[in-house]
Amino acid sequence: MSGGDIAGLIAAVVFAVLVGFIAIPLVKLGRVLDSTRDAIKEASDGITPILDETATTLQETNKQLARVDVITKNVADVTGNVSALVALFAATVGGPLIKLAGFSAAARAAFKAAGGFGSRKPRGGSH
């Protein structure tokens, strides 16, 4: 063996040791990347049902809000109808009741002036 062969052999051994030292961190990095991939897959598998449930919940909420909107519209219609009915009742019955009250007040005043019902004094007591 010549000096060049020995130098080549030493260079090959040094290169093999260097590759060994570099291979260890690369293997560890590969394991870290595998663990990271597994963690991301598990997180993705866990998030998918949550997102599906959230989408379903939002759809059901939208349906309920549509029902509440219909109920609110119906309540507004009923309120308008009740308001119109009260106005109609006030116009139909209120006017004659006011006239009747005015007539009864006038009749009472007339009886009082004539010495009828309104002029009687209470019996006994300290009134």
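Buried means under 20% relative accessible area, exposed over 50%, and partly exposed in between, with a 1.4 Å probe and protein chains only as cover. The model is predicted: local features need pLDDT of at least 70, side-chain atom pairs count only at pLDDT 80 or more, and totals for chains, interfaces and linings use all residues. Residues are numbered from 1 along each chain as its sequence is written, and side-chain values use heavy atoms, with hydrogens and water left out.

**View 1. Lys 41 and Asp 45 form a salt bridge.** The closest N and O atoms are 3.3 Å apart. A salt bridge is a side-chain nitrogen of Lys or Arg within 4 Å of a carboxyl oxygen of Asp or Glu. Lys 41 is exposed because its relative accessibility is 52%. Asp 45 has 45%, so Asp 45 is partly exposed. Helices are DSSP runs (H or I, at least four residues), numbered from the N terminus.

**View 2. Lys 63 meets Glu 60 in a salt bridge.** The N to O distance is 3.5 Å. Both residues lie in helix H1, 3 residues apart, about one turn of the helix. Lys 63 is partly exposed at 46% relative accessible area. Glu 60 is also partly exposed, at 38%.

**View 3. Asp 77 pairs with Lys 73 in a salt bridge.** The closest N and O atoms lie 3.5 Å apart. Lys 73 is exposed at 54% relative accessibility, whereas Asp 77 is partly exposed at 38%. The pair sits 4 residues apart in helix H1, about one helical turn. Elsewhere, salt bridges with shared partners link Asp 34, Arg 37 and Asp 38 into one network. The salt bridge count comes to 5.

**View 4. Thr 54 reaches back to the backbone of Ile 50.** The side chain of Thr 54 comes to 2.8 Å from the backbone oxygen of Ile 50. Thr 54 is in helix H1 and is partly exposed, at 38% relative accessible area. Its C-alpha atom is 61 Å from that of Leu 97, 43 residues apart along the chain.

**View 5. A nonpolar surface patch includes Ile 10.** The patch covers about 830 Å². Its members include Met 1, Ile 6, Leu 9, Val 13 and Phe 21. Patch residues have over 30% relative accessible area and no salt bridge, and nonpolar side chains (Val, Leu, Ile, Met, Phe, Trp, Tyr) are joined within 5 Å. Ile 10 is placed in helix H1, residues 3-114.

Technical notes:
Patch = residues over 30% accessible without salt bridge, like charges linked within 9 Å, V, L, I, M, F, W, Y side chains within 5 Å. Areas by Shrake-Rupley, 256 points an atom, 1.4 Å probe, with all protein chains shown as cover. Helix = DSSP H or I, 4+ residues; strand = E, 2+ residues; numbered from the N terminus. Polar contact = N/O pair within 3.5 Å; in protein donor to acceptor, adjacent residues only side chain to side chain.
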